[in-house]
Amino acid sequence: MTIREALNGIDGLKPNTYDESMKVAWLSALDMRIHQEIVLTHAHEVGEESFSGYTEQTDEDTELLVKAPYDELYLYYLESKIDYSNGEMGKYNNSAAMFNATYTGYVNYINRTKMPICKGGIRYF
């Protein structure tokens, strides 16, 4: 999923008044978390060591870090941020639960398929 697909997807599913720069900032924060918690703690491709996030100047055709079939977590995340920001706690609880379930599924997939990285000679798994 690209930034553009995430933005168009959430706007189609949940019309909102938040501008693109806010939603890109939310996507950036999520991918920074994914990079820190998942990418850097497991075997990864050369070049994936650095990630500086997204800004308004980032090309909207940039691929987000999580690939299908787990990429729907971006839509759930944006939905939960919108619901929370709107003060709609019932809706937020539902969208946050969907995000958490999908994120956990993705983490479990990575844990099953990628070797954890050893830190200081100790393997954490």
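I started with helix α1 (residues 3-13) and helix α3 (residues 73-85), which pack at an angle of about 55 degrees with their axes 10 Å apart. That angle makes α1 oblique to α3; under 35 degrees would count as roughly parallel, over 145 as roughly antiparallel, 65 to 115 as roughly perpendicular, and the rest is oblique. For my own reference, axes are lines fitted to C-alpha atoms, for helices over the stretch in contact, and angles run from 0 to 180 degrees between N-to-C directions. Helices are DSSP runs (H or I, at least four residues) and strands are too (E, at least two), numbered from the N terminus.

A note on the source: this is a predicted model, where local features need pLDDT of at least 70, side-chain atom pairs count only at pLDDT 80 or more, and totals for chains, interfaces and linings use all residues. Residues are numbered from 1 along each chain as its sequence is written, and side-chain values use heavy atoms, with hydrogens and water left out.

Next I looked up who touches whom, contact being heavy atoms within 4.5 Å. From α1, A6, G9, I10 and L13 meet L75, L78, E79 and I82 of α3. I sorted the residues of this contact into six nonpolar, one polar and one charged. Here Ala, Val, Leu, Ile, Met, Phe, Trp, Tyr, Cys and Pro count as nonpolar, Asp, Glu, Lys and Arg as charged, and the others, Gly among them, as polar.

Then I checked α1 against α2: the angle is about 115 degrees and the axes are 11 Å apart. I3, A6, L7, I10 and D11 in α1 meet E20, K23, V24 and L27 in α2. This contact divides into six nonpolar, no polar and three charged residues.

R33 has 34% relative accessibility, so I put it down as partly exposed (buried is under 20% relative accessible area, exposed over 50%, partly exposed in between, with a 1.4 Å probe and protein chains only). Setting aside neighbours within four places in sequence, I found R33 in contact with I38, F99 and Y103. I also noted that R33 and G53 are 20 residues apart in sequence and 10.0 Å apart in space, C-alpha to C-alpha.

Last, the whole chain. I counted four helices and zero strands, in the order α-α-α-α. Buried residues make up 36% of the 125 residues. The C-alpha atoms fill a box of roughly 50 × 35 × 25 Å along the principal axes.
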